[in-house]
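Biologist: I have just opened this one and could use a guide. Can we walk through it together?

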Amino acid sequence: MQFSDLIQNDKILRAISDCGFETPTPIQAEAIPAIQTGRDIIGCARTGTGKTAAFALPLIQRLEDTWTAAREIRVRSLILSPTRELAIQLVENIRKFAVHTELTTLLVHGGTEYENQILTLREGVDILIATPGRMLDLIERKALKLDQVEVFVVDEADRMLDMGFAPDIRKIAPMIPQTRQALFFSATMPPEALSRATGILQKRTHIP
């Protein structure tokens, strides 16, 4: 199997080639077509197996194929990460995959100034990568709305839920349209962590 069997957008395929990827990993080969169906997904695979690309590539293709000029305070997709360090890694990888597209990305996390983040949000963002605390702060400041989010991703979902972010995720979920797609990816998904996500994932598919 080749990436061209999974991804139909030439701009994204060029970025994949730029990254030196040759063939999809097992999690990518299974998750990408599943995500493309529009269903909610729980994806589990050990660290280093390409989980980020497994959800980022179909996300970027969806947003690119339906791209329109940015609108004020619009966020089309939201990716939550439990720590600043992981969020930084995420945005670096996603920008590599989206480099040949018109999509805009924004990283928000604690310990940075609000002003530039607020100014960027006012112009509209296609992909927002955030830690929960800073994102909720921006919502309280009325600098961010989630009512146009098409895809909601929780990365390192097991760590996110184990670190006490379940209440934040439950607070965020009602702010997002019911028609959104939800993707939870992590190295593991123990039953107790999965139970905390009940009500957010609808008609979910488990991979593997």
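This is a predicted model: local features need pLDDT of at least 70, side-chain atom pairs count only at pLDDT 80 or more; totals for chains, interfaces and linings use all residues.

Biologist: Let's start with helix 2 and helix 3, then. How do their axes cross?

Modeller: The axes of helix 2, which covers residues 26-36, and helix 3, which covers residues 51-65, come within 9 Å and cross at roughly 30°. Angles under 35 degrees count as roughly parallel, so helix 2 is roughly parallel to helix 3. The crossing in which helix 2 passes helix 3 is right-handed.

Biologist: And which residues meet there?

Modeller: On the helix 2 side they are I27, Q28, A31, I32, I35 and Q36, and these meet K51, A53, A54, F55, L57, P58 and Q61 in helix 3. Sorted by class, this contact has nine nonpolar, three polar and one charged residues.

Biologist: What about helix 1 and helix 3, at what angle do they pack?

Modeller: Helix 1, made of residues 10-18, packs with helix 3 at an angle of about 150°, and their axes are 10 Å apart. Since angles over 145 degrees count as roughly antiparallel, helix 1 and helix 3 are roughly antiparallel to each other. Helix 1 also passes helix 3 in a right-handed crossing. In this contact K11, I12 and I16 of helix 1 meet L57, I60, Q61 and E64 of helix 3, and by class the residues divide into four nonpolar, one polar and two charged.

Biologist: Switching topic, which residues touch the most other members in the largest nonpolar core?

Modeller: That core has 37 residues, and those touching the most other members are L78, L80, L128, M135, L144 and L146. Helix 6, residues 132-140, gives the most to this core, with four residues.

Biologist: Take M135, what does it touch?

Modeller: Leaving out residues up to four places away in sequence, M135 touches L78, L80, L128, A130, L144, L146 and I172. There is also a second, separate core of 36 residues, which includes I35, A56, L107 and I127.

Biologist: Last one, L201: where is it found, and is it buried or exposed?

Modeller: L201 is found in the loop between helix 9 (191-196) and strand 7 (205-207). Its relative accessible area is 7%, and buried means under 20%, so L201 is buried.

Biologist: What is it in contact with?

Modeller: Setting aside neighbours within four places in sequence, L201 is in contact with D40, I41, I42, A182, F184 and L194. L201 and D40 are 161 residues apart in sequence, yet 5.9 Å apart in space from C-alpha to C-alpha.

How values were computed: Residues are numbered from 1 along each chain as its sequence is written. Side-chain values use heavy atoms; hydrogens and water are left out. A nonpolar core is a set of buried Ala, Val, Leu, Ile, Met, Phe, Trp, Tyr and Cys residues joined through side-chain atoms within 4.5 Å. Buried means under 20% relative accessible area, exposed over 50%, partly exposed in between (1.4 Å probe, protein chains only). Helices (H or I, at least four residues) and strands (E, at least two) are DSSP runs, numbered from the N terminus. Contact means heavy atoms within 4.5 Å. Axes are lines fitted to C-alpha atoms, for helices over the stretch in contact, and angles run from 0 to 180 degrees between N-to-C directions. Angles under 35 degrees count as roughly parallel, over 145 as roughly antiparallel, 65 to 115 as roughly perpendicular and the rest as oblique. A crossing is left-handed if the near helix is turned anticlockwise from the far one by less than a right angle, and right-handed if clockwise. Ala, Val, Leu, Ile, Met, Phe, Trp, Tyr, Cys and Pro count as nonpolar, Asp, Glu, Lys and Arg as charged, and the others, Gly among them, as polar.
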